[in-house]
Amino acid sequence: MLLDRRIDVDTRTLTPAQVPTDTLRGIEQFLYREARLLDERRFWEWDSLFTDTGMYWAPQKHDQENPFDHISLFWENRMLREVRIRRVENARNWSQQPQTQTAHLIGNVMIEGLDRSGLLVVSATFQVSEWRLEQRQLAGRYTYKLASQDDGSWKIQLKRVDLINCNDVFANLEVFV
Amino acid sequence: MIPTNEQIAALIREDSVHKSVYTDPTLFQLEMERIYGHAWIYVGHESQVKNAGDYHTTRIGDQDVVMVRGANGQVNVLYNRCPHKGAKLVADGDGSTGKFFRCPYHAWTFKLDGKHLSAPLKSGFEGTCYDPAHPDFSMASVARVENYRGFVFASQAAYGPDLKGFLGGVITSIDNLCDRSPIGEVEVAGGVFRVQQRSNWKVFYENLHDTMHARVTHESSVEAARSEAEAIGEMPFELLIMDGNGEPYDFWEKLELRAYHNGHGYMEAIFDPAAAERDEVSRAHFDCLSQAYGEPRARAILGMNRHNTVIYGSGSPHTVFMQFRVIRPVSVDRTMVEIQTFRCKGAPDAVFDRALTYANVINSPSSNVMPDDVEVYARCQEGNMTRGGEWISMHRYVGTDTPLEDGAVSTNGTSELPMRNQFAAWKQFMTATLIAKESTHAA
């Protein structure tokens, strides 16, 4: 199910898209809110920003084409995201005592275009300071596939997290980047 | 000051070990010389260097080495050092060096077996002892290299048992991993995770066969998997492999812990012929192996229901889910683990998909299971730095294990036999009795 090759993770084959300024501002605010939910560990609310089939993906390789024939740092559907949330919220989560704290900084938000299904592809550069016993810096680029909703809001069909050190030696990554 | 053999031997009792084996930097340095300087250590799989000139760097203990495919197809293991000024010849990682190594500092070049090829402006060496044929002007090879079914091991000692002799009965885990391919071959595929632990390397080996920790340490991921399964009304593979740690004590008591000389061993469930047909992926795999080997042998291969295997000093192959967690000591309180995933050549794609999923869910740095392990290892490391006590217990079922000619087997799956066995090997290496014995043999 997770390695279903029909899941479209292509964020390169795009058609150009023009977006009005207020829509762009709305998308920026959406991304900032998403980051704030992570920083405040409001993970269930964060997960609700995804569509039912939405995927969270952090490749392990630079320019990784897909999560199907290569390992990924994260490749999670709603089930696996919920398991992660349940675990970090469990009382006996020894490795979350003390818990991970983060501050996300997001910038360079760009409209990339439309994918084959008409989803809006948006990218942003991020810096995440993460602390648990010691502090580390995570940085890279997010690429989103956003699905517009009837009420004018957005949902995430894909969040791709390209870390600049994706193939590095890592201490555990316990919370979403 | 370097401790005497008597002082080292006194750190290991039949039922306990002194905490300094995890915390003393002097002992760590001695381990690098006496264990990693002698034992056969897994360097990598030959599939990581497919063509002549392909290389893969890693470490044998504290030594930077490069595994490289030679022009004749043979896999060489060389110290990553130019004999001129000492520069590492290739950067850490994987790549191809072409037909020869060329030092980035002064362009000395070396063949793929490390032998000196050339140096610029040779006239400057006239009248000196420069001799391209002398080993001092070549890259040094690690003393012994053996390739068992594609698994490349090296020993920094010129003497001692051969690889098969060193591995003993644990070699059957490598066999089973390979036999799961209809042509008997596996390859490293899909990338390699690297994970850091804030603890001494030995605690990970002990934990691999520590059946008493599973349901305690992993309570958070077991409960998370179970509550998620309840919420969605099914327990797919991704949740099942997290749920397994939550088995009750009597499940673990029934397992069999097998210990071999030199610290090796594995944890085995009772042979399960039904394993060949327990799910769709296994059934497809079984059909494929049946065609290659016939049904009885296919059933025997897939029915070998082994959990973690320990190859002491190298790491832990997992034969069922096609992984090898390679354990590399970094310092007395830091360890790096390289996690390889294997493709069974010729087996259905679903077998590799399952291995990849296992790697992503269980062995990735983002695993929901591993952080609680890594956390308790780090707590042991820090707790053992206190003055709160000197000894570490490995008392469970001591004196009840059944001795065998080539090792021992537990009478109860919660026995701490594997830890006692690992430290028996540790003591032997560290007090050089094994080495002395081997030297006599060699002479």
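Which residue follows α11(B), and is its phi positive or negative? Select B:G294: this glycine comes after α11(B), and its phi is positive, near 90°.

Before going further, a word on the labels. You are looking at a predicted model, in which local features need pLDDT of at least 70 and side-chain atom pairs count only at pLDDT 80 or more, while totals for chains, interfaces and linings use all residues. Residues are numbered from 1 along each chain as its sequence is written, and chains are lettered from A and ligands numbered from 1 in the order in which they are written. Helices (H or I, at least four residues) and strands (E, at least two) are DSSP runs, numbered from the N terminus.

**Stop 1: a helix in chain B**

Now select residues 280–293 of chain B, which is helix α11(B).

Show the side chains of B:H285, B:F286 and B:L289, which are buried. Buried means that 20 or more other C-beta atoms lie within 10 Å of the residue's own; exposed means 12 or fewer, and partly exposed is in between, with C-beta atoms placed from the backbone. Those three cover an arc of only 105° around the axis, so they sit on the same side of α11(B). The arc is that of the directions from the helix axis to the C-beta atoms. Turn to the other side of α11(B), and you find B:E280 and B:Q291 exposed. What covers the buried residues? The cover includes α12 (295–303) and α13 (349–363) of chain B.

**Stop 2: chain A as a whole**

Chain A has three helices and six strands, and its order from the N terminus on is α-α-β-β-α-β-β-β-β. Its C-alpha atoms fill a box of roughly 45 × 35 × 30 Å along the principal axes. Of its 177 residues, 36% count as buried.

**Stop 3: the strands of chain A**

Select β6(A), residues 154–163: nine of its 10 residues are buried, so this strand is largely enclosed by the rest of the structure. Strands count as paired if DSSP finds at least two bridges between them. One bridge to click on links A:K145 with A:L158 in β6(A). β5(A) and β6(A) form a hairpin with five residues between them, and A:G152 in the turn has a positive phi of about 90°.

Next, bring in β1(A), residues 50–59. It pairs with β6(A) in the parallel sense over four bridges, and A:F50 stands opposite A:I156 in β6(A). β1(A) also pairs with β2(A), this time antiparallel, over four bridges; there, A:Y56 has A:E76 as its bridge partner. Five of the five residues of β2(A) are buried, so this strand too is largely enclosed by the rest of the structure.

**Stop 4: where the chains meet**

Bring chain B back. Here 30 residues of chain A are in contact with 36 residues of chain B; contact means that the C-beta atoms, placed from the backbone, lie within 7 Å. Color β2 (72–76) and α3 (78–89) of chain A, the elements that give two or more residues to the side touching chain B. The largest share of that side, seven residues, comes from α3(A).

Technical notes: Contact = placed C-beta atoms within 7 Å. Expected span 1.5 Å × (residues − 1).
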